[in-house]
Amino acid sequence: GGPGSETWSEVIPADSSTIPEARSFHKMLCVGDNLYVFGGCGDTSGRLKDLHRFDLKSLTWHSLGESQHLRGRGGPTFLSLNSGRALGVVAGFAGEETNDGHVFDIFQGSNKWAETPLNDDLKDMRPRSVCIGGSFPKAGVSIVFGGEVDPSAKGHEGAGGFENDIVLLDETSGRYLDTIPHDDVEPCPETRGWSDGAVAEDSIGGTLFVFGGLSGDDTTPKRLDDLWKLQVSK
């Protein structure tokens, strides 16, 4: 229908006993008929490293366990990998900015964490959190844009140090490929974290859209309202 015809409705799980712990600063992806929720800051457990699946057909929550290689964290980058066959957790804030990661296989219901984390594969990426991420299967890459690279002394009340570089990951495995400094891409958005973005795929790759975010520093934090797009292709 036209504008104004939209309606909200609460989704009530079939079994309320399986609802994940209340949380914030987590990440969520939709792959097929399932929602996946990872990590965040829990109501009672502090920083979390658990993964949950919500089946949109049966309206049921399913715990997929914790990563045994990651510390609990908020603000990770959560990516669909290998054309939707896997999920990748990359970086995030675990008391400090991180540059580790772990892949979870969801192909044909396998539902298992990889035996080996991405830590060695991501060691050349600058540690960061609260980034913007997106995957482009046709281009063979996943992208992590910007994020917080130095935490604020004021915590969530302040603005830390931010980046506006482009990190390239292999879309199949999640391993680190390269970092493109902002100096090599002009013009480009100013540094930022706590932003968000969306991917629009096309036949050769697609576009990563970025809107808003937090920039500046603890003395002069700056909330942004700009919209940028990054063309991605093979």
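In this predicted model, Arg23 and Asp50 pair up in a salt bridge, with their closest N and O atoms 2.8 Å apart. The two partners come from distant parts of the chain: Arg23 belongs to strand S1 (residues 23-24), while Asp50 sits in strand S4 (residues 46-55), 27 residues away. Arg23 has a relative accessibility of 16%, and because buried means under 20%, Arg23 counts as buried. Asp50 is buried too, at a relative accessible area of 11%. This contact is one of eleven salt bridges in the structure. As a general point, side chains of opposite charge can pair when their charged atoms come close.

Arg126 meets the side chain of Asp150 in a salt bridge, at 3.6 Å from N to O. Here again the pair links distant parts of the chain, with Asp150 in strand S11 (residues 141-150) and Arg126 in the loop between strand S9 (112-113) and strand S10 (132-136), 24 residues apart. Both of these residues fall in the middle range of accessibility: Asp150 is partly exposed at 41%, and Arg126 is partly exposed at 37%.

Arg126 also forms a salt bridge with Glu163, this time at 3.4 Å from N to O. Glu163 is in strand S12 (residues 161-170) and Arg126 is in the S9-S10 loop, so this pair ties together parts of the chain that are 37 residues apart in sequence. Put together, Arg126, Asp150 and Glu163 make up a network of salt bridges.

Strand S9, at one end of the loop that carries Arg126, leads on to the sheet. Four strands make up an open sheet, in the order S6-S7-S8-S9, and their pairing is antiparallel. Strand S6 (77-81) and S9 are the edge strands, each of them pairing on one side only. In general, strands of a sheet pair through backbone hydrogen bonds, either parallel or antiparallel. On the S9 side, the partner is strand S8 (residues 97-105), which runs antiparallel to S9 and is joined to S9 by two bridges. Within this part of the sheet, Asp105 stands opposite Lys112 in S9.

Key: Residues are numbered from 1 along each chain as its sequence is written. This is a predicted model: local features need pLDDT of at least 70, side-chain atom pairs count only at pLDDT 80 or more; totals for chains, interfaces and linings use all residues. Side-chain values use heavy atoms; hydrogens and water are left out. A salt bridge is a side-chain nitrogen of Lys or Arg within 4 Å of a carboxyl oxygen of Asp or Glu. Buried means under 20% relative accessible area, exposed over 50%, partly exposed in between (1.4 Å probe, protein chains only). Two strands pair if DSSP finds at least two bridges between them.
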